[in-house]
Amino acid sequence: MRGYRGGSYGLDEPRSLRDRAGQYALLPLRIFLGVTFVYAGIDKLTDSSFLAASGPGSIGEMMHGVRDSAAIPGLVDLALKSPEGFGYAIAIGELLVGLGTLAGLWARLAALGGALISLSLWLTVSWQSTPYYYGNDLVYLMAWLPLLLAGAPYLSVDALRGARRPVDSLSGPRVRR
């Protein structure tokens with residue numbers, strides 16, 4: 001592979017279309033998840049009935065409805081101690097995760113947040129879905145994993161921050177561990 005040296009391409013060497021496609025392969029997933037989570041967060045924050053402890057369409061009513069069918073009822077019980085607080089936490093978490101993912105700012109941390117939100121929703125709200133693949137939270141959990149592993153190395157704030165780090169001519173860019 002021309003231009004490939006230990007996991008990175010030389011800046012002055014041309015790359016094929018195939019190489020570029022591979023380089024940006026996670027970008028559509030990042031955009032989709034980012035937009036979806038921003039929308040979900042804003043939708044919850046602007047829906048007064050959702051952010052209530054009881055009533056039609058409320059987080060409290062939804063939590064009471066899934067409590068007995070959840071994989072981990074204790075998580076639902078925890079949320080039911082303060083349904084409004086839990087609703088705000090989920091909504092703000094989704095908004096921050098979505099914005100971080102779109103900007104590529106602390107992308108792995110944002111992906112971890114998205115994965116944890118999706119995991120908690122799968123184990124509580126969509127656990128009873130049969131067959132299991134009808135529950136969309138499991139699919140979202142799996143979609144976050146590639147971004148958790150790869151981060152946002154291109155077209156991101158993380159990439160800009162990484163480009164500013166000093167480069168050692170023998171070992172390449174310095175990486176914080």
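1. Tyr132 is exposed, with a relative accessible area of 57%, where exposed means over 50%, buried under 20% and partly exposed in between, for a 1.4 Å probe and protein chains only. Tyr133, at 52% relative accessibility, counts as exposed too.

2. This is a predicted model, in which local features need pLDDT of at least 70 and side-chain atom pairs count only at pLDDT 80 or more, while totals for chains, interfaces and linings use all residues. Residues are numbered from 1 along each chain as its sequence is written, and side-chain values use heavy atoms, with hydrogens and water left out.

3. On the aromatic rings, the count comes to 7 pairs, a pair being rings of Phe, Tyr or Trp (its six-membered ring) whose centres lie within 6.5 Å, called stacked if the planes are under 30 degrees apart, edge-to-face if over 60 and tilted otherwise. One of them joins Phe37 and Tyr140, with 6.1 Å from centre to centre and 65° between the planes, an edge-to-face arrangement. This pair links distant parts of the chain, since Phe37 belongs to helix H2 (residues 27-45) and Tyr140 to helix H7, 103 residues apart. Phe37 is buried, at a relative accessible area of 6%. The rings of Tyr132 and Tyr133 have centres 5.5 Å apart and planes at 80°, so this pair is edge-to-face.

4. Ring pairs also link Phe32, Phe37, Tyr140 and Trp144 into a cluster.

5. Helix H6 (residues 107-124) and helix H7 (residues 136-150) pack with their axes 8 Å apart and at an angle of about 160°; the axes are lines fitted to C-alpha atoms over the stretch in contact, and angles run from 0 to 180 degrees between N-to-C directions. H6 and H7 are therefore roughly antiparallel to each other, given that angles over 145 degrees count as roughly antiparallel, under 35 as roughly parallel, 65 to 115 as roughly perpendicular and the rest as oblique.

6. Residues of H6 that meet H7 include Leu112, Leu119 and Trp122, and on the H7 side Tyr140 and Trp144 are among them, contact meaning heavy atoms within 4.5 Å. By class, the contact of H6 with H7 has 15 nonpolar, 2 polar and 2 charged residues.

7. Where does Ser156 lie? Ser156 is found in the loop between H7 and helix H8 (157-163), and Ser156 is buried, with a relative accessible area of 6%. Leaving aside neighbours within four places in sequence, Ser156 is in contact with Arg30, Ala103 and Gly104.

Key. Helix = DSSP H or I, 4+ residues; strand = E, 2+ residues; numbered from the N terminus. Nonpolar A, V, L, I, M, F, W, Y, C, P; charged D, E, K, R; others polar.
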